[in-house]
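Biologist: I would like to learn how to read a model like this one. Could you walk me through it with a few residues?

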Amino acid sequence: MPFELVDAVLAETGRTERRVRRLPSRVALYLVLAMALFEKAPISGVFSVLSAGLRAPAVSEKALRDARRRIGPEPVKALFDVLAGPIAQPHTPGTRYRRWRTVAFDGCSSTKIPDTPDNRAVYGRAPVRHGHAGYPMLMLMTLAETGTRALAAAVFGPSGTGEIAYAEKLLAHLDASMLLLADRGFDAAGFLAKAAGTGAHLLVRATANRRPPVLAHLPDGSYLTLIGTLRMRVIEAEITVTATDGSTHTGTYRLITTLLEHRSDPAPTLLALYHERWETETAFLAIRHTLLDGRVLRSRDPAGLAQEMWGILTVYQALRTLMCEAAETIPGTDPDRMSFTLALHTARTHTILADLGNPTDRPGPIGHAVLAHPNPARRPRHSTRKLKSPGQRYTYKDPTRPTHSTTITGITLTIHPPTITPPPAPPPGQPGQPGRAPEKNHVLNLLRQTPYQPRRIPEIAAALGISGRKHTNNLGVRINRWAHQGLLTKTAPGTYTIKKQPLTDHQNP
């Protein structure tokens with residue numbers, strides 16, 4: 001981040017000083033970045049470290065606080081926007097699936113901020129079991145490049161706002177060159193439609209209570225469906241891992257994707273690819289526990305918090321960029337093996353010495369340090385998913401997981417094709433259950449039995465064992481809504497048939 005770039009963002013945001021000062025705006029912006037590097041030091045100590053090699057005179061804490069207030073958060077955010085974005089080259093290992101760059105959404109709501117009236121007024125207090133948490137919490141939502149853990153975009157705010165609301169603010173950063181990975185918190189039909197509208201492909205884990213209709217079976221065990229108005233493919237599978245001690249552990253996954261072609265994107269390949277989503281958790285680990293060391297942020301007002309957070313994200317992105325550039329100097333090196341802790345330690349050391357090396361010598365001292373001591377190749381292991389030092393005695397323990405981390409010796413994928421259950425027939429001579437609304441799949445399966453014969457609402461109700469005008473009318477309202485969603489075709493008033501799907505739909509995604 002050279003002087004020219006810092007001066008440019010200050011001028012763009014109108015934060016350049018108007019008179020000669022001992023602490024010009026440029027120094028204030030670098031001070032905010034240094035606060036992210038030296039999180040444990042007070043602001044006066046940060047300035048002392050930052051100017052240690054320059055023999056600068058001492059400055060009071062009030063002067064430093066006033067300098068921060070003069071520039072505000074806008075130039076720091078502008079600086080982050082300059083650095084943010086995918087950083088891997090097309091040949092960088094582990095950053096792409098076929099022609100798409102893999103990215104992932106996720107949120108982190110565990111960042112604590114000072115408990116002041118100003119902060120509480122904006123961020124509130126996080127509810128817990130017996131009241132409220134001791135500190136307000138800040139929600140950070142990022143769109144990260146999974147292969148490098150770099151941030152393509154970020155947004156933050158009160159933790160009470162849902163993850164999807166924050167993620168929608170980041171959709172503009174998706175494009176047709178990306179494959180988005182996301183967990184079960186992002187499987188809402190409306191959000192999926194907006195994300196697919198950006199041109200990006202999706203691979204999202206779906207909740208277990210979703211009952212998608214089966215439009216077509218595919219040879220690999222997956223099937224085509226319709227979620228809202230979006231045509232997608234569903235993969236349901238059990239994943240069993242075998243550990244070195246002989247124990248086995250099984251989990252059930254349901255993935256939905258806009259990659260409809262089973263030949264070029266087989267189900268086992270997509271199941272293995274979804275594991276890359278967890279790279280975003282490693283990014284949050286680096287921000288929350290390596291950069292911040294789990295500490296409470298220092299700013300006591302919302303404007304200062306915004307400035308501080310953008311400074312932390314800017315420093316994080318700069319370090320990730322240097323680590324990726326260092327890995328790319330040696331062909332075939334995975335950026336995952338570069339140590340963020342070592343990069344941060346080296347950055348702190350050279351900042352104190354005011355010696356960041358020759359700008360033309362890339363990757364510079366930080367890059368040379370991470371290349372000299374790369375992390376070992378990742379080993380397959382089964383995590384216990386529990387705190388090593390829990391804060392209370394009575395912590396939840398999952399009986400299905402091992403008591404300690406174990407190395408995985410084998411992984412078995414079992415894909416389950418969908419099973420179509422016929423609609424239940426009412427007992428002879430007895431009416432059906434008029435008070436129970438039929439499942440969507442029951443209506444669709446009934447109409448599939450005669451796909452070229454339109455059926456009226458009373459006929460459908462009688463076949464499903466529904467009687468009474470009120471319940472028949474309710475059925476008609478639901479069927480009409482499904483027709484608007486594209487599942488059915490309305491051929492006449494109150495008359496419907498199953499929507500005919502072209503045979504080539506799943507062959508040309």
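Modeller: We will look at one leucine and then at some charged pairs. Keep in mind that this is a predicted model.

Biologist: Let's start with the leucine. Where is L270 found?

Modeller: L270 sits in helix α9, which covers residues 267-274.

Biologist: Is L270 buried or exposed?

Modeller: For that we look at relative accessible area, and buried means under 20%. L270 has a value of 0%, so it counts as buried.

Biologist: Which residues does L270 touch, leaving out those up to four places away in sequence?

Modeller: The contacts of L270 are Y97, L203, R233, I235, L255, T257, L259 and D265. Take L259 as one of them: L259 and L270 are eleven residues apart in sequence, and their C-alpha atoms are 9.3 Å apart in space.

Biologist: R233 on that list is an arginine. What should I know about charged side chains?

Modeller: Side chains of opposite charge can pair when their charged atoms come close. R233 forms a salt bridge with D220, and the closest N and O atoms are 2.6 Å apart. D220 lies in the loop between β9 (216-217) and β10 (223-227), while R233 is in strand β11 (residues 230-243), so this pair ties together parts that are 13 residues apart in sequence. Both D220 and R233 are buried.

Biologist: How many salt bridges does a search of the whole structure find?

Modeller: The search finds 20 salt bridges. Another one to look at joins the side chains of R149 and E279, at 2.6 Å from N to O. This pair links distant parts of the chain, 130 residues apart: R149 is in the loop between β5 (137-145) and β6 (150-158), and E279 is in helix α10 (residues 279-291).

Biologist: Why do R149 and E279 count as buried?

Modeller: The cut-off for buried is under 20%. R149 counts as buried because its relative accessible area is 8%, and E279 does because its value is 4%.

Biologist: What about R298 and E308?

Modeller: R298 and E308 form a salt bridge too, with the closest N and O atoms 4.0 Å apart. R298 is in the loop between α10 and α11 (302-328), and E308 is in helix α11, ten residues apart. R298 is partly exposed at 22% relative accessibility, whereas E308 is buried at 3%.

Methods. Residues are numbered from 1 along each chain as its sequence is written. This is a predicted model: local features need pLDDT of at least 70, side-chain atom pairs count only at pLDDT 80 or more; totals for chains, interfaces and linings use all residues. Side-chain values use heavy atoms; hydrogens and water are left out. Helices (H or I, at least four residues) and strands (E, at least two) are DSSP runs, numbered from the N terminus. Buried means under 20% relative accessible area, exposed over 50%, partly exposed in between (1.4 Å probe, protein chains only). Contact means heavy atoms within 4.5 Å.
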